[in-house]
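Reader: Could you walk me through this one while I have it open?

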Amino acid sequence: MRRELAPWLTGRTVLAAERLAPAGPKYRDLPRAVGQTVCEVRRRGKFLVMPLSRGDELILHLGMTGVVSPEAPSGPAQGHVRVRLRLSGGTPDTLYFRDARRFGRLLVVPAGDYRGLPTLERMGPEPLSPDFTVAGFRRALAGSSMAVKTLLLSQRPVAGVGNIYADEALWRARIHPLTPARRVSAARAAALRTALREVLLASLEVQGTTLNDYRTVNGEVGAYLEKLSAYGHAEEPCPRCGTPLRRTVVGQRGTVFCPRCQRRR
Ligand SMILES: [Zn+2]
């Protein structure tokens with residue numbers, strides 16, 4: 001998504017940022033972006049952070065159903081457009097942010113001031129960067145009594161892991177999602193770190209298709225969905241041992257695991 005949006009936004013000046021009702025408090029302070037130029041499109045975890053020319057940052061999180069498109073949506077999707085951004089200096093001259101379920105965010109903050117964005121403020125290292133070390137990850141797990149899956153979703157031990165990738169990585173590393181984080185052994189923690197990186201890299205490889213989809217009307221299905229081993233396959237045989245995968249709920253999120261490979265310890 002960052003790669004896709006960067007050429008549309010970098011070096012362009014915001015002429016207007018229109019909030020279309022009902023947008024809600026997750027879309028705020030957008031008028032401050034008007035007259036400022038987008039210097040860069042960076043990514044931090046699942047957030048896009050765009051430094052603006054007068055010391056602010058435009059922050060975007062797509063949530064579960066957010067879509068950015070240069071084309072005005074038609075049909076029922078029209079009612080889901082939360083923000084319309086007018087840009088100077090080229091095409092596209094308009095970007096539409098639509099968000100059917102309203103888990104997304106689009107707001108302006110002073111650069112680096114994430115007090116209203118605790119997830120971003122406390123975010124762990126990028127999963128594919130050298131900062132995501134075995135030792136640091138083990139420390140993060142050892143310091144928490146939360147269920148390991150819930151801790152992963154908090155973004156604190158490592159950035160960017162959502163519900164699907166958490167399930168896939170825990171399945172690969174053979175860790176029960178409800179295991180208290182501090183009870184995950186050093187060896188399993190190292191395996192989980194490797195699994196997280198593998199899953200994210202494999203997904204990035206097929207992301208092109210996802211991006212093509214997300215610009216059209218149905219943006220939610222990416223090519224990586226076809227490659228998932230656990231998520232979305234409850235009741236089907238575990239690809240490793242053949243035991244039917246089981247669905248449960250962890251921290252209010254649907255969770256799929258193998259009751260045999262991922263025994264609780
Ligand atoms: Zn299994």
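Reader: Is Cys 238 buried or exposed?
Author: Cys 238 is buried, because its relative accessible area is 3%, where buried means under 20% with a 1.4 Å probe and protein chains only. This is a predicted model, in which local features need pLDDT of at least 70 and side-chain atom pairs count only at pLDDT 80 or more, while totals for chains, interfaces and linings use all residues. Residues are numbered from 1 along each chain as its sequence is written, and side-chain values use heavy atoms, leaving out hydrogens and water.

Reader: Which atoms are the protein donors of the zinc ion?
Author: They are the SG atoms of Cys 238, Cys 241, Cys 258 and Cys 261, lying 2.2 to 2.4 Å from the zinc ion; donors are N, O and S atoms within 2.8 Å of the metal (3.2 Å for Na, K and Ca), and since water is not among the atoms, sites may look incomplete.

Reader: And what is the arrangement around the zinc ion?
Author: It is tetrahedral, because the four donor atoms subtend angles of 100 to 116°, and four donors count as tetrahedral if all angles lie between 85 and 135 degrees.

Reader: What about Cys 258, buried or exposed?
Author: Cys 258 is buried, with a relative accessible area of 0%.

Reader: Switching topic, what lies over the face of Trp 171?
Author: Arg 240 does, at 4.0 Å from the ring centre; a charge sits over a ring if NZ of Lys or CZ of Arg is within 6 Å of the ring centre and within 35 degrees of the ring normal. Likewise, the charged end of Arg 193 sits over the ring of Phe 132, 5.5 Å from its centre.

Key:
Four donors count as tetrahedral if all angles lie between 85 and 135 degrees; four count as square planar and six as octahedral if opposite donors are over 155 degrees apart and all others between 65 and 115; anything else is irregular. Buried means under 20% relative accessible area, exposed over 50%, partly exposed in between (1.4 Å probe, protein chains only).
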